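Biologist: Good morning. I have not worked with this structure before and would like to go through it with you step by step. Could you please bring it up?
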Amino acid sequence: MAEGRLTALHVGEEREEGGALLTTLDSVINWARKNSLWPMPMGLSCCAIEFMAAAASRFDISRFGAEVARFSPKQADVMIVAGTMTYKMGEAVRRLYDQMAEPKWVIAMGACASSAGMFRTYSVMQGIDHIVPVDYYIPGCPPRPEMLLNALIELQKRVGEDRSFRRTNAGLMLGTKT
Amino acid sequence: MSTPAPATTAGFSTSFERQKGPGGEEHMILNMGPSHPSTHGVLRILLELDGEVIVRAEPDVGYLHRGMEKIAEVYGYNKFVPYTDRFDYLAPIANNVAVVSAVEKCAGIEIPERARMLRLVCCELGRISAHLLGIGAFAMDIGALSVFLYSFQQRENIYNFMEALTGARFTVSWTRVGGCARDLPPGWVDGVKRFVKDFPQRIERDVEGLLTTNRIWVDRLKGVGVMPRDVAISYGLTGPSLRASGVEWDLRKEQPYLGYENFDFDIPVGEVGDAYDRYLVRIEEMKQSARILQQALDRIPEGPINVDDKKIVLPGKREVLTSMEQLIHQFMVVTEGPELGPAERYFGVENPKGELGFYVDADGTGRPRRMRVRGPSFMNIASFPYALKGSMLADVVAILGSFDFVMGECDR
Amino acid sequence: MTAENPSPESPAVAAIRSRWPDAVRDVAVNAGQFRVTIPREKLIEILTALRDDPVLKFDFLVDLTAIDLSPAVPRFRMVYVLRSMTRREELVLKCEVPEDDCRVPSAHELYRCVNAMERECYDMFGIHFTGHPDLRRILMPEMFTDFPLRKDFPMVGKMSDQEWAEWIVARAQRTEGDPA
């Protein structure tokens, strides 16, 4: 990891480490990523129906580039856990989360995914954040599709500010420090 | 138990032992689910394959078991109604009606005429809604995505009506023991009438026109997943899956409830019991539901929507704030619940997926001693070892979609 | 209600009374649905006869479940809801199961749906069905050792989320063995 700057790439006045090239590269990568967040719908119960409604024509998640529901974890970016997660199901959810490639995000859609909702019982995990890290929690039972779209927009904002390229090895080499 | 046992391989795989084929070749075991686009929920099926042909199929359920029956014993009758939304979550209002109908039948409560008609109207709207999604998701699995979008468009209309009536698009929790929670908003009946008037033509144009005589659709569904009549009865199948197998059994006609005997409608019955018959039965049921609605919407009487028994139904706010006795009734109904029984009865209604039945064991308090939920999808899924055996791997998706089950009902 | 002249009686109840006079322990009725309590030794015999009888023809098993009556004794009561589709009649058969001898003969050969329903009953109550070909848990995970619908089992369960999470993560990170 080089500490100094490559003078050949020294482009004018820069306030961020790595220079304007790297920030431009980051913004290009982030723009591509955030407008094509492919969800992996972990549709466990009723919230899956509202997810389907969000993907249908009235609410149209396709406007945000996220209609490509990929059930294969290796092709998905964001796992939307929609529904109640029981202990029996936990293994599958965790396994699929582990198989997703970086960068990956998790949206806990609905009260059941966030905190088990109305089910304080012997077979329901009280929130999926016990086994997968959650980026956004959507309250509601089920949340309206607009709320899912809101979470998606917030996630897009966050992805837009991500240090996608600057975090990679190439970016670290070209920049000074992370 | 205090500590979990270490992860072992004990379980299905030890009982699901590979068989050897006639030539001595080993069969392949394929795991389908629980996260799978075409299993319509968290269902896991273990398939033993001889090439492309399924030799043995075993469903593994319980991935959505939320302990609803235990909840009913702890929470009571009225507080259980929101949980019933989550059984068949494609038509939540039908489950609400089912549970309070069972409790009222067990306890001998007669609800007013207006409440009965409103419940009937909502049940039929729920039936249309559930079949729309069933067919839409089924078509999407087979590959016809447009049908999914068209049917969801119609479902959004029904969501609008539900939202106007109950406040929620989807999980409505609208009924209570003794009646309904809210009355109709003005203009609701006219809106539903307009929807129902051109609904059959829309179905014919958007869904049937794309699917029923479609060569690909027919080829994929005809002869697939055949359930003969006696096998279907022995497996306890109910609903459209049973009627597609040639059994003319619909609880709305055989054991009428909510006043269904006063309406004119037909029961579609299939011939062969394959996936195509199950699809046709659902399409025709939607049209018959529209027919019932056209009759029912003109016959909603005026009157109260709750029975006039203050020990069961919450009294009105004005009475609660001015009369001591009503205040006490309100307190008791909210904290203890309507005290019913001792009585026991089984009661089933014709839900979109089949017979949703409740065995209510009321012991005199506001909480049932046992509220057994007979979910139709549990039996439908229990018949998969028969339905899937001998079919090809690609037919599994067609068969699962044609049975149109919901895991919320199966696992409860 | 006791077995004293609950009239009008359904033909099925009358047939059971006449064929097994000492097996009918109790008859009750609620809104036209009769409930007959029989001993579990006669359970399979009566179920088979009701199904195969050309007149009674109870060809459809609607439901099969159990009730935990604690603190009353005997503790469990099995409930079988039968239906005759030709005569449109429902009949509820009940039999008592004591806690110390928690076994019931399996009816899996009578109706195909019984296989899964008895597994659920075992899973939830711990009632053992003798003769069942494959009595395993169906709704709870295999390693679960309690019986949730018993009255002494708390609704919130006995294991904490932390314990379950450790079990889940350990299973999810296995790289060999069948994912059972």
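Biologist: To begin with chain A, what does its accessible surface come to, and how much of that belongs to carbon and sulfur atoms?
Modeller: Please note at the outset that this is a predicted model. The accessible surface of chain A comes to about 7700 Å², and carbon and sulfur atoms hold 55% of that area.

Biologist: How many helices and strands does chain A have?
Modeller: There are 6 helices and 4 strands in chain A. Their order along the sequence is α-β-α-β-α-β-α-β-α-α.

Biologist: And what percentage of the residues in chain A count as buried?
Modeller: Chain A has 178 residues, and 53% of them count as buried.

Biologist: Let us move to the interface. How many residues of chain B are in contact with chain A?
Modeller: On the side of chain B there are 35 residues in contact, and they meet 31 residues of chain A. The two chains bury about 2800 Å² between them, with 66% of that area on carbon and sulfur atoms.

Biologist: Which residues of chain B lose the most area there?
Modeller: Those are B:Tyr63, B:Arg66 and B:Arg169, which together account for 20% of what the chain B side buries.

Biologist: How many salt bridges does the rule find across that interface?
Modeller: It finds 4 salt bridges between chain B and chain A. One of them links A:Lys88 with B:Asp60, where the closest N and O atoms are 3.4 Å apart.

Biologist: Which elements of chain B give two or more residues to the side that touches chain A?
Modeller: They are four helices of chain B: H2 (68-75), H3 (77-84), H5 (113-142) and H6 (145-166). The largest share comes from H6(B), with 8 residues. By class, this side of chain B consists of 19 nonpolar, 8 polar and 8 charged residues.

Biologist: A change of topic: the backbone. Where in chain A is there a cis peptide bond?
Modeller: The bond from A:Glu102 to A:Pro103 is cis, with omega near -10 degrees. A:Pro103 belongs to the loop between helix H3 (87-99) and strand E3 (105-109) of chain A.

Biologist: And which residues does a cis bond join in chain C?
Modeller: In chain C, C:Ser70 and C:Pro71 are joined by a cis peptide bond with omega of about 10 degrees. C:Pro71 is in the loop between strand E3 (60-68) and strand E4 (76-84) of that chain.

Biologist: What is the phi of B:Ser173, then?
Modeller: Its value is positive, near 50 degrees, and the residue is not a glycine. B:Ser173 sits in the loop between H6 and strand E4 (175-176) of chain B.

Biologist: Is B:Ser173 buried or exposed?
Modeller: B:Ser173 counts as buried, because its relative accessibility is 15%, under the 20% cut-off.

Biologist: Where is C:Lys57 found?
Modeller: C:Lys57 is in the loop between helix H2 (43-52) and E3 of chain C. Its phi is positive, about 45 degrees, although C:Lys57 is not a glycine. With a relative accessible area of 33%, C:Lys57 is partly exposed.

Conventions: Residues are numbered from 1 along each chain as its sequence is written. Chains are lettered from A and ligands numbered from 1 in the order in which they are written. This is a predicted model: local features need pLDDT of at least 70, side-chain atom pairs count only at pLDDT 80 or more; totals for chains, interfaces and linings use all residues. Side-chain values use heavy atoms; hydrogens and water are left out. Contact means heavy atoms within 4.5 Å. Buried area is the accessible area (1.4 Å probe) that two parts lose on being put together, summed over both. A salt bridge is a side-chain nitrogen of Lys or Arg within 4 Å of a carboxyl oxygen of Asp or Glu. Ala, Val, Leu, Ile, Met, Phe, Trp, Tyr, Cys and Pro count as nonpolar, Asp, Glu, Lys and Arg as charged, and the others, Gly among them, as polar. Buried means under 20% relative accessible area, exposed over 50%, partly exposed in between (1.4 Å probe, protein chains only). Accessible areas come from the Shrake-Rupley method with a 1.4 Å probe; for residues, only the protein chains shown count as cover.
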